[in-house]
Amino acid sequence: MSTPIAFLKGHGTENDFVIVPDPENALDLSPAAVAALCDRRAGIGGDGVLHVVRSAAHPEARTMAGEAEWFMDYRNGDGSVAEMCGNGVRVFARYLQHAGHVAEGDLVIATRAGVRTVHIAKNGDVTVGMGRARLPEGDVTVTVDERSWPARNVNMGNPHAVAFVADLAHAGSLYDAPPVSPAAAYPDGVNVEFVVDRGPRHVAMRVHERGSGETRSCGTGACAVAVAAARRDGTDPAVTGTPATYTVDVPGGRLVITERPDGEIEMTGPAVIVAEGEIDADWLAQALG
């Protein structure tokens with residue numbers, strides 16, 4: 001028998017991940033291997049893989065090793081590489097706590113979008129510093145069937161198109177990526193959020209994540225939605241000097257997003273480890289056959 005590979009399963013507001021601890025970056029997690037692990041019928045199942053590597057051991061993270069010991073090598077469910085996953089960072093932090101690498105309180109995690117600050121609270125919630133939003137210029141339009149909406153282009157280290165709609169059902173199945181124009185606005189694809197109002201500074205969303213389809217939650221998407229909603233509402237903390245906090249309901253739960261006057265965005269929500277076990281290496285080899 002080949003040596004089994006340890007894994008855990010976790011989720012943040014039902015955005016679920018296969019967690020693969022690999023401190024020395026010894027595993028070759030090819031796109032096909034990631035897709036096999038994330039297959040919900042033939043594999044473990046997940047929206048993506050959290051590959052847990054020490055920053056010093058990964059070529060993409062070595063320059064961050066002085067700031068952050070651990071690197072979140074995140075992969076989408078189809079095996080493609082992603083810059084950032086907000087729910088993934090929370091679950092990644094919960095794993096580090098579960099494994100005894102960190103305790104409650106503050107820590108930092110390296111990602112492809114840079115180093116992220118994290119706070120693990122006693123009540124179980126995890127807060128992640130998500131960085132600043134960029135708002136590229138130019139009109140963007142999202143289309144589903146016969147309906148089209150103007151969308152706000154928001155970049156949270158990964159690209160988003162945020163459309164405010166009358167009914168979340170108008171988003172359709174979200175199995176396939178909704179067409180977004182102009183295509184040149186998103187040369188590497190885009191996450192698309194559809195948003196409705198629930199009350200003052202309270203919205204609900206559905207999302208198509210590039211590489212994963214519709215997911216139960218998207219952390220960077222929730223941040224993009226909060227920023228887009230604030231600007232739509234005429235609120236910019238950099239101008240007012242007052243933080244703006246929005247509650248964002250996702251199909252898998254609730255996230256609280258705060259944009260500070262310095263532009264930094266914080267996301268707070270739950271993160272849960274639900275199982276751990278071993279991947280049969282022979283099965284994985286056959287799956288890649």
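Student: What does Glu-14 count as, going by relative accessibility?

Tutor: Glu-14 counts as partly exposed, because its relative accessibility is 35% (buried is under 20% relative accessible area, exposed over 50%, partly exposed in between, with a 1.4 Å probe and protein chains only). Bear in mind that this is a predicted model, where local features need pLDDT of at least 70, side-chain atom pairs count only at pLDDT 80 or more, and totals for chains, interfaces and linings use all residues. Numbering runs from 1 along each chain as its sequence is written, and side-chain values use heavy atoms, leaving out hydrogens and water.

Student: OK, which side chain does Glu-14 meet in a salt bridge?

Tutor: That of Arg-216, at 2.8 Å from N to O (a salt bridge is a side-chain nitrogen of Lys or Arg within 4 Å of a carboxyl oxygen of Asp or Glu). The two sit in distant parts of the chain, 202 residues apart: Glu-14 in the loop between β1 (5-12) and β2 (15-21), Arg-216 in the loop between β14 (213-215) and α3 (219-232). Those labels are DSSP runs numbered from the N terminus, helices being H or I of at least four residues and strands E of at least two.

Student: And Arg-216, what does that count as?

Tutor: Partly exposed too, since Arg-216 has 38% relative accessibility.

Student: How many salt bridges does the structure hold?

Tutor: 19. One of them pairs Asp-236 with Arg-231, with the closest N and O atoms 3.6 Å apart. Asp-236 is partly exposed, because its relative accessible area is 24%, while Arg-231 has 19% relative accessibility and so counts as buried.

Student: What about Glu-259, which side chain does it meet?

Tutor: Arg-231 again, at 2.7 Å from N to O. This pair also links distant parts of the chain, with Glu-259 in strand β16 (residues 253-259) and Arg-231 in helix α3, 28 residues apart. Both Glu-259 and Arg-231 are buried.

Student: Switching to strands: why is β5 largely enclosed?

Tutor: Because 5 of the 7 residues of β5 (residues 105-111) are buried, the rest of the structure largely encloses the strand.

Student: Which strand do bridges join β5 to?

Tutor: β6 (residues 114-120), with 7 bridges and the two running antiparallel (strands pair if DSSP finds at least two bridges between them).

Student: What joins them at the turn, and what stands opposite Thr-111?

Tutor: A hairpin takes β5 into β6 through 2 residues. Opposite Thr-111 you'll find Gly-114 in β6.
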